[in-house]
Amino acid sequence: MGRYVLRRLLIALPSLIGISIVLFAVLALAPGDPFEELATNPNVPAEVRANLRAKFGLDDPVALRYVRWSAAMMNGDWGFSFVSRIDVDQLILQRLPVTLFVIGSSQVLALLIALPIGVYAATRPYSLFDQIANTFAFIGFSLPTFFTGILFILVFSIQLDWLPFVYRSDIAETGWRWWWEHGKQALMPIAVLGLFQGASWTRYVRSAVLDVIRLDYVTTARSKGLGEIAVVVKHVVRNALIPVVTLVALQMPAIFGGAIVTEQIFRVPGIGSLLISSILANDTPVIMAVTFVFSCLVILFNLLADLLYGWLDPRISYS
Amino acid sequence: MDENGLRQLIGEVKRGRVTRRQFMQRMVGLGLTAPLAAQMLAYSGIAQAQAKSAYKPTKRGGGGALKVLWWQGATLLNPHFAVGTKDQEGSRIFYEPLAAWDPDGNLVPILAAEIPSIQNGGLAADGKSVTWKLKKGVQWHDGKPFTADDVVFNWEYSSDPATATVTIGSYQDIKVEKLDSHTVRVRFSKPTPFWADAFVSTRGMIIPKHLFETYKGGKSREAPTNLKPIGTGPYKFVDFKPGDMVRGQINTAYHEPNRPYFDTIEMKGGGDAVSAARAVMQTGEFDYAWNVQVEDEILLRMEKDGRGRADIVAGGNIEFIAVNSTDPWTEVDGERSSAKTKHPLLSDPAVRDALNLLVDRQAVQDHIYGRTGVATRNFLNNPERFRSKNTNWEFSVEKANQALEAAGWKRGSDGIRAKDGRKLKFVFQTSINAPRQKTQAIIKQACQKAGIELELKAVTASVFFSSDVGNPDTYTKFYCDLEMYTTTMTQPDPQVFMDQFCSWQIATKENKWQGRNISRWRSDEYDKAWRAAENELDPVKRAALFMRMNDLAIEARAVIPVVFRPRVSAVSNKLRAPLSGWDIDFWLLKDWYREA
């Protein structure tokens with residue numbers, strides 16, 4: 001098991017290097033620099049911008065810049081943001097708690113919706129409950145988050161005036177008021193992300209359970225007199241979960257990507273909005289760092305999914 | 001209007017026949033900036049009207065939280081590194097300049113005890129120095145006194161190329177010396193008519209010497225105060241998350257009585273302009289939103305909710321069409337639109353005149369921009385028309401047809417005019433932006449009626465406005481016949497603004513298309529007038545020179561102005577926030593308060 005993990009991690013290294021080269025090259029080829037705004041301001045002489053570019057090493061050849069960046073990265077130095085002139089790791093750490101909270105809660109919400117509904121619908125296929133669940137799931141994953149986000153804002157903030165739609169990471173309250181305010185503002189972004197994800201997972205869970213529930217061993221379990229709950233939970237769900245786990249694990253990093261739009265709409269100061277504003281400002285070190293973290297997450301969650309298989313299905317072993 | 005006309009008009013202001021405000025409006029209408037107009041009056045001995053402060057609160061604090069929304073959050077809080085307005089605004093909460101510009105273009109002292117003038121001996125007669133007297137008893141947020149040393153230090157800090165400041169342009173050519181603990185003198189190498197650049201407004205915010213002294217030059221990035229500002233402003237620093245949130249709390253030792261009103265300030269960043277306007281005008285979650293570039297129709301609808309209003313401040317942004325003087329379709333020495341060529345069709349004045357007649361500015365205002373884009377004959381204006389009070393620019397398909405007919409452009413069987421086998425066909429580009437595409441369509445329709453065919457082209461803004469040398473679609477390369485964009489004239493002095501028609505500013509391959517003269521129009525007379533204005537100390541003569549330059553460029557139709565674009569902010573109905581088109585939104589943050 002340990003050797004398997006080690007081997008997988010070693011294989012991941014070249015792919016990470018490859019990813020970083022591609023990312024770096026694409027960013028280097030893209031037009032513009034972080035000081036674009038200076039160019040349109042006639043009060044700033046063109047030399048100022050040229051000097052800044054030279055000082056931050058933007059005029060050096062791409063290969064040299066890449067080597068410099070990767071050498072620094074090895075030493076744990078993520079570089080500094082050209083726009084804020086502060087260290088990138090500091091910027092990311094500031095944003096991480098909010099992203100983890102919002103994304104984490106929405107994933108939990110999605111699972112809380114998808115698992116019970118999916119399983120229940122599969123045990124009673126084509127019943128009224130199944131039909132309704134299917135319809136809602138279909139609507140849920142057909143509506144993109146930017147649409148539902150704005151819809152929620154229009155209904156709950158503007159029409160009903162119940163919830164705030166600007167997310168603030170610093171709330172100047174203490175005690176239960178802080179929790180109340182925090183819950184209120186987090187409700188909409190979490191619901192938007194969670195419902196979207198929950199809808200598509202419901203359909204996966206349903207079809208996975210449906211595949212298993214008709215197998216002979218389930219009939220055997222029933223015929224030996226096990227209760228329905230024991231059959232479903234212990235025999236059906238455990239086996240049905242294998243494809244679902246892959247899906248959840250592989251979608252984890254993508255959720256960070258999906259959150260970019262939602263974070264922008266609700267002004268959630270998470271990693272996604274950091275990425276967007278850095279891209280708009282051509283802040284290469286930050287874009288590099290964030291996208292690199294994303295790619296690390298993809299590889300990590302792939303590994304995690306594989307390890308979970310072994311736990312869920314004893315037939316799969318990595319020794 | 002020439003120099004004599006100007007002097008007459010100033011005389012009438014003196015005699016009280018024309019009010020100060022009317023004079024300002026006329027000057028701005030003539031393409032001058034309000035600060036320059038104010039300078040003319042001050043020079044002519046008309047005292048600056050004492051700005052009446054509308055500030056009502058009678059005690060410091062007690063106003064609760066002020067929550068403002070910037071859809072682009074501040075990314076750093078050192079004014080010398082502030083790349084964009086957002087950063088300047090964030091810094092301005094904590095730092096202050098010696099003086100700021102009010103909406104009428106007057107200088108208002110902030111950290112200065114008074115505004116230097118010839119009368120009070122602040123301005124040298126030879127125009128080579130200016131003496132600033134500093135306010136006494138001002139404290140930094142950490143309790144240290146603010147003195148002349150701090151001001152001198154800011155010059156040293158910014159003018160050092162190793163510090164890599166963006167304000168270096170304002171400080172590198174001056175010398176600053178301390179006369180006594182609260183007086184500094186700024187020396188210029190040559191007579192300088194516009195002296196209020198260093199230490200003034202956005203580029204003049206003063207940072208404390210005692211905290212930045214060891215971080216001058218190459219180590220500038222390591223200063224802890226870069227992220228935890230300690231200034232003299234009305235609010236003290238609490239917390240900062242780049243791109244997201246700036247928080248401050250009341251400075252109880254602020255140097256003006258009864259100010260500030262609010263106990264805390266929160267500047268939230270991110271999102272988009274429309275929802276920012278909503279958060280102020282519909283849900284009331286925030287008190288103020290910066291730069292809400294939203295269609296007027298939407299703003300009007302939001303205002304109906306009764307929680308907030310759109311505050312529209314006249315600045316100097318102008319949406320205009322640049323007319324290419326060179327040939328964009330022939331390559332010379334590896335570049336198109338080379339200054340060595342001449343445009344085959346647009347070099348005919350009749351064609352330029354016709355185009356000018358075919359831009360229906362009123363329709364553009366009425367149907368597209370509303371209050372946020374006022375039809376203008378401005379930018380570079382025709383004074384004749386202005387004096388005759390005939391403020392209407394002309395839109396006439398008929399006259400355009402006549403002009404073209406008279407110049408020998410005959411309609412072909414396809415309805416498009418041609419002469420010597422060359423058809424009147426142009427490519428007209430702009431950045432992708434709904435109002436711009438609609439404007440393009442309006443102009444295209446009118447041109448069709450006059451027998452001119454326009455091919456419309458829209459380029460993504462990030463490419464159009466980039467300085468990417470490799471991309472043919474940037475606005476500075478101008479590889480087409482006509483293009484439309486906005487130019488900003490928020491800087492108080494028109495000297496830099498007007499260099500966009502100087503022949504040495506023509507954008508070429510040689511200067512990597514960084515030259516500011518995009519239309520590539522050139523005129524020796526214009527160049528001469530510009531150089532004369534650079535060192536002309538008499539503001540009246542100088543203003544006349546600028547007007548002459550305006551005339552030259554407009555008569556040649558180097559550009560066709562479309563609409564004038566004021567700055568729009570969303571303000572809660574109870575908030576009193578004095579705004580100025582010649583400075584940033586927070587120029588007078590100390591005077592912001594909420595009405596009961």
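Modeller: Here is a close look at a sheet and the helix beside that sheet.

First, some ground rules: this is a predicted model, where local features need pLDDT of at least 70, side-chain atom pairs count only at pLDDT 80 or more, and totals for chains, interfaces and linings use all residues. Residues are numbered from 1 along each chain as its sequence is written, while chains are lettered from A and ligands numbered from 1 in the order in which they are written.

Now for the sheet. In chain B, three strands make an open sheet, with the order β4-β6-β5 and antiparallel pairing. (Strands are DSSP runs of E, at least two residues, and helices are runs of H or I, at least four residues, numbered from the N terminus; two strands pair if DSSP finds at least two bridges between them.) Since β4 (129–133) and β5 (174–180) of chain B sit at the edges with a single partner strand each, one side of each is left without a neighbour in the sheet. From one strand to the next, the twist averages 20°.

Let's zoom in on one pairing. β4(B) and β6 (residues 183–188) of chain B run antiparallel and are joined by five bridges. There, K133(B) stands opposite T183(B) of β6(B). Helix α5 (residues 148–159) of chain B packs on this sheet, where the helix touches β5 and β6 of chain B. (Contact means C-beta atoms, placed from the backbone, within 7 Å.) The direction of α5(B) makes about 170° with that of β5(B); axes are lines fitted to C-alpha atoms, for helices over the stretch in contact, and angles run from 0 to 180 degrees between N-to-C directions.

Definitions and conventions. Two residues are in contact if their C-beta atoms, placed from the backbone, lie within 7 Å.
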